[in-house]
Amino acid sequence: MTPTTRKPPSPLIDAHMHVEGFAQVREARRSELVEDYVELIADLIADGREARQVDIATRLGVAQPTVAKALKRLVKEGWAIQRPYRGVFLTPAGEQLAVEMRARHQTVERFLLALGVDADSARRDAEGIEHHVSEATLAAFEAFLRKAERRG
């Protein structure tokens, strides 16, 4: 390297910040399945139906054994209750999580729409982003939307 040549800046961030970022992503991935199932169960029930295993499998595009395994996890973790010959029901904790996830989803989707993203893409993208966005970023989305609504 000649004296006039500078080394380009490193693409690496502080190691502690790197760890925090990857930890947040791992936690979001771990909870994503639970959140998706709980939100869908709440939606099926709100639509006036029982949340049956076959309906969940159809809506998520997975096999019924996959749903059965996930439902066992939801029951074990206290999010849902399964009754023989009936559908799946949410516990109070599951209902609260569903409310929180629906609000997150709606905030992300509204934010994407406000940026000019088409409705189909905003709906699909919000489905993934809602699990990975931090509380601070979600609050910034909400503040942006409030300002945009006041201007509009």
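**View 1. Phe111 is a buried residue in this predicted model**. Its relative accessibility is 14%, so Phe111 counts as buried, the cut-off being under 20%. Phe111 belongs to helix H4, which covers residues 92-114.

**View 2. Phe111 and Phe141 form a stacked aromatic pair**. The structure holds 2 aromatic pairs, and one of them joins Phe111 to Phe141. A pair of aromatic rings is described by the distance of the centres and the angle of the planes. For Phe111 and Phe141, the distance is 3.8 Å centre to centre and the angle between the planes is 5°. Phe141 lies in helix H6 (residues 135-151), 30 residues apart from Phe111, and the pair thus links distant parts of the chain. Phe141 is buried, because its relative accessible area of 14% is under 20%.

**View 3. Phe111 and Phe144 form an edge-to-face pair**. Here the ring centres are 5.3 Å apart and the planes stand at 75°; planes over 60 degrees apart count as edge-to-face, which is why the pair has this label. Phe111 in helix H4 and Phe144 in helix H6 are 33 residues apart, and this pair also links distant parts of the chain. Phe144 has a relative accessible area of 31%, so Phe144 is partly exposed.

**View 4. Three phenylalanine rings make up a cluster**. Ring pairs connect Phe111, Phe141 and Phe144. Phe111 takes part in the stacked pair with Phe141 and in the edge-to-face pair with Phe144.

**View 5. A charged group sits over the ring of Phe89**. The charged end belongs to Arg83 and is 4.8 Å from the centre of the Phe89 ring.

Key. Residues numbered from 1 in each chain as written. Predicted model: local features only at pLDDT ≥ 70, side-chain atom pairs only at ≥ 80, totals over all residues. Heavy atoms only, no water. Phe/Tyr/Trp six-rings, centres within 6.5 Å; stacked < 30°, edge-to-face > 60°. Helix = DSSP H or I, 4+ residues; strand = E, 2+ residues; numbered from the N terminus. Buried < 20%, exposed > 50% of the residue type's maximum accessible area, 1.4 Å probe, protein only. Lys NZ or Arg CZ within 6 Å of the ring centre and 35° of its normal.
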